[in-house]
Each structure stands twice: as C-alpha cells, then as structure tokens.
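Student: Hi! Could we walk through this protein together, one question at a time?

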Amino acid sequence: DPTDGYASPEVMLDIYCTASIIPSGKTVMYFAPNSFQGFIDCITSATNDNVNNPSVISISWGYGEHSIGADLLAAPLQKAALKGITVCAVT
C-alpha cells in the first residue's frame, strides 16, 4: 500500500533512480497489496499492459522464490520472458 507511510519513501527512491538512469525512458508504476498473490498479480498486470508495453519490469522489494515458491512465480515470469520483457528483482 503506497499510502501506509512506509512504502512511499521506497517508491519515490525508485522513481528518482530510474529517472536518473534512463531520463528519456517512460516510468510506469504498478501497485498491488503486499501479499504473495498481490506480488504475482502486479507482475501479471505489468506483463499484460498493452498500453505502456513495458520492456523491463524492475521490482525493488517483494518476495523471492524461496518465499513464494518458484512454481507460483514460473507462469508470470515465463509470460514476461515470452513477450521479451526483462524482469529484475531484489529479494
């Protein structure tokens, strides 16, 4: 939840870092509930975004395969890969 008082500084730092690395790029933010399913749904939403058509999805905080289970992450990550989308995540 970006309004919880804790996520906002993290979100702003991500925006600043992304904009400084690729100033001519387009940054789109996706939000979901802070849960395993929310994490998967957010990856799926970004992957299926036919308006912004992301080429890279950067996840700066969330859950790793060891927490969610590689089997649950496989489908959304494979779909992203098939669409040529690079997914980077910090765990």
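Tutor: Gladly! One definition before we start: helices are DSSP runs of H or I with at least four residues, numbered from the N terminus. Keep in mind that this is a predicted model.

Student: Is glycine 38 buried or exposed?
Tutor: Buried means under 20% relative accessible area. Glycine 38 has a relative accessible area of 4%, so this residue is buried.

Student: Which residues does glycine 38 touch, leaving out those up to four places away in sequence?
Tutor: A contact needs heavy atoms within 4.5 Å. With residues up to four places away not counted, glycine 38 touches Ala32 and Pro33.

Student: What about aspartate 41: is that residue buried, partly exposed or exposed?
Tutor: Aspartate 41 is found in helix α2 too. The relative accessible area of aspartate 41 is 37%, so the residue is partly exposed.

Student: Which residues of α4 make the contact with α2?
Tutor: From α2, the contact takes in Phe39, Ile40, Ile43, Thr44 and Thr47. On the side of α4, the residues are Leu72, Leu73, Pro76, Leu77, Lys79 and Ala80.

Student: How many nonpolar residues are in the contact of α2 with α4?
Tutor: Leu, Ile, Phe, Ala and Pro are among the residues that count as nonpolar. Sorted by class, the contact has one charged and two polar residues, and the nonpolar ones number eight.

Student: How many disulfides does the structure hold?
Tutor: Cysteine 42 is buried at 19% relative accessible area, while cysteine 88 is partly exposed at 39%. A disulfide needs a pair of cysteine sulfur atoms within 2.5 Å. The number of disulfides in the structure is zero.

Student: What is the phi of asparagine 53?
Tutor: Asparagine 53 sits in the loop between α2 and β1 (56-59), and is partly exposed with a relative accessible area of 49%. Although this residue is not a glycine, its phi is positive, at about 45°.

Student: How far apart are the C-alpha atoms of lysine 83 and asparagine 53?
Tutor: Lysine 83 is in the loop between α4 and β2 (86-89). Along the chain, lysine 83 and asparagine 53 are 30 residues apart. Their C-alpha atoms are separated by 9.6 Å.

Student: Which residues is lysine 83 in contact with, leaving aside neighbours within four places in sequence?
Tutor: Lysine 83 is partly exposed, with a relative accessible area of 42%. Leaving those neighbours aside, the contacts of lysine 83 are Thr47, Asn48 and Asn50.

Student: Now the whole chain: what pattern does the protein chain follow along the sequence?
Tutor: The protein chain has four helices and two strands. Read along the sequence, they give the pattern α-α-β-α-α-β.

Notes
Residues are numbered from 1 along each chain as its sequence is written. This is a predicted model: local features need pLDDT of at least 70, side-chain atom pairs count only at pLDDT 80 or more; totals for chains, interfaces and linings use all residues. Side-chain values use heavy atoms; hydrogens and water are left out. Buried means under 20% relative accessible area, exposed over 50%, partly exposed in between (1.4 Å probe, protein chains only).
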